[in-house]
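Have the sequence and the 3D view open as you read.

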Amino acid sequence: MAVLFRAGFSFIATSAVHAETRTVMTMEPNIEIENLNVSYISRNTRVRAVREFSLDLRENESVGLLGESGAGKSTVGWALLGLIGKQNVVTGEINFQGKNILKMTNRELNAYRWTDASMIFQASLNTLDPLITVGQNFVDLLTNKKTCDNKRDARALAWETMKLLALQESIMDAYPHQLSGGMKQRVAIAMAISTNPKVLVADEPTTALDTITQASILRLMKTLREQKKIRGILFVSHDVTVHAYMTDRLLVMYRGRVIEQGSTKEVITNPLHPYTKLLLSSERIGGQKEGVRAGASQDDVAPADGCPYVPFCPYAMKSCSESFPTARTIGQDHRVSCFLYDAK
Ligand SMILES: Nc1ncnc2c1ncn2[C@@H]1O[C@H](COP(=O)(O)OP(=O)(O)O)[C@@H](O)[C@H]1O
Ligand SMILES: [Mg+2]
């Protein structure tokens, strides 16, 4: 991972230049998330999983969500695919080509998923029907989504896409349970991009894999981005080294809130929020595993409307418990939600 980390830093130096070029071209955002709030409701409890989340995701941009387990990263991804169950409360807007996907009918959502926006889940085996071969899974997807008119074309496209992920043709005839974890993830990525979606949500796509397999899959994904086989991507990971390698822009989340954001290079080399600083220092010391918390646990009491990091922040002031600070812009496109930066 240390090698990947160093490679990541040299990568972000060059990708920052590309990112700037892209910004100059000012493409319309593919996805505009405005003031998204998600609360999970179960029996008498309400978990405010995501609060006041906004993001513009442009064509060919790779945006990362960084934060420890429970920060709300997956919830943002699920919301973007319209996958939050109806019993929960979702407010705000997620606009895709002028249409709010939170208001789409099931039929509209079906047409949107895979063709416009795809997702690679943390446990991708669930994406595949275990009773049919990988090839049949692929063919069903491509014909159902009308990416291909017939089974023959679908099989050809499936094989073409699997080759991009360095998979053997024999895997087409294998059943999902016969694949190793790394192969399953590569099949999931192949399926997710075969329909040529504008936006791909990758939710910890390599977290469950060993370091070598993880590095090889990330390398493949980076190549696919360079070849524009992957267009806009929302990359979810608790691992900053993965973001250094994969993303142009980074949003740091803590207990449902975005507390800092900017270019990945800027956030990693010049973290501003006390939580980001701690998160990055623990990364540098030993590498962070998902589930290991750099700060609070879910049982710690944070103020309802203030900054959720208050119980652990050595700099907490009275105002931090009263309201959540709006983002302050520090330097170019680097924003932090922290009252500490008011005095500057
Ligand atoms: N289906 C659900 N029902 C109730 N609470 C949930 C559900 N899914 C996630 N949560 C809660 O929402 C919060 C954010 O979870 P999640 O989006 O999975 O975070 P992350 O992906 O950053 O680990 C956590 O407190 C989690 O326990
Ligand atoms: Mg998650």
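What follows covers some ground rules, then the helices, then the ligand.

## Ground rules

This is a predicted model, where local features need pLDDT of at least 70 and side-chain atom pairs count only at pLDDT 80 or more, while totals for chains, interfaces and linings use all residues. Residues are numbered from 1 along each chain as its sequence is written, chains are lettered from A and ligands numbered from 1 in the order in which they are written, and side-chain values use heavy atoms, with hydrogens and water left out.

Helices here are DSSP runs (H or I, at least four residues), numbered from the N terminus. Two packed helices are described by the angle between their axes and the distance between the axes. Axes are lines fitted to C-alpha atoms over the stretch in contact, and angles run from 0 to 180 degrees between N-to-C directions.

## Helix 6 and its partners

Start with helix 5 (residues 151-164) and helix 6 (residues 181-194): their axes come within 9 Å and cross at roughly 125°. Helix 5 and helix 6 are therefore oblique to each other (under 35 degrees counts as roughly parallel, over 145 as roughly antiparallel, 65 to 115 as roughly perpendicular, and the rest as oblique). On helix 5, L157, T161 and M162 make the contact, meeting A190, I193 and S194 of helix 6 (contact means heavy atoms within 4.5 Å).

Now bring in helix 4 (residues 134-144), whose axis comes within 10 Å of that of helix 6, crossing at roughly 20°. That makes helix 4 roughly parallel to helix 6. V134, N137, F138, L141 and L142 of helix 4 touch V187, A190, M191 and S194 of helix 6.

## Helix 4 against helix 5

The axes of helix 4 and helix 5 come within 9 Å and cross at roughly 115°. Helix 4 brings V134, G135, F138, V139, L142 and T143 to this contact, and helix 5 brings K151, A154, R155, L157, A158, T161 and M162.

## Around ligand 1

Which residues are closest to ligand 1? They are G70, G72, K73, S74 and T75, out of 13 that surround ligand 1 (a residue is near if one of its heavy atoms lies within 4 Å).

Oxygen atoms of the ligand pair up with several of these residues. For G70, a backbone N or O atom lies 2.7 Å from a ligand 1 oxygen. The side chain of S74 has a polar atom 2.8 Å from an oxygen of ligand 1, and a side-chain N or O atom of T75 is 2.5 Å from a ligand 1 oxygen.

Conventions. Helix = DSSP H or I, 4+ residues; strand = E, 2+ residues; numbered from the N terminus. Polar contact = N/O pair within 3.5 Å; in protein donor to acceptor, adjacent residues only side chain to side chain.
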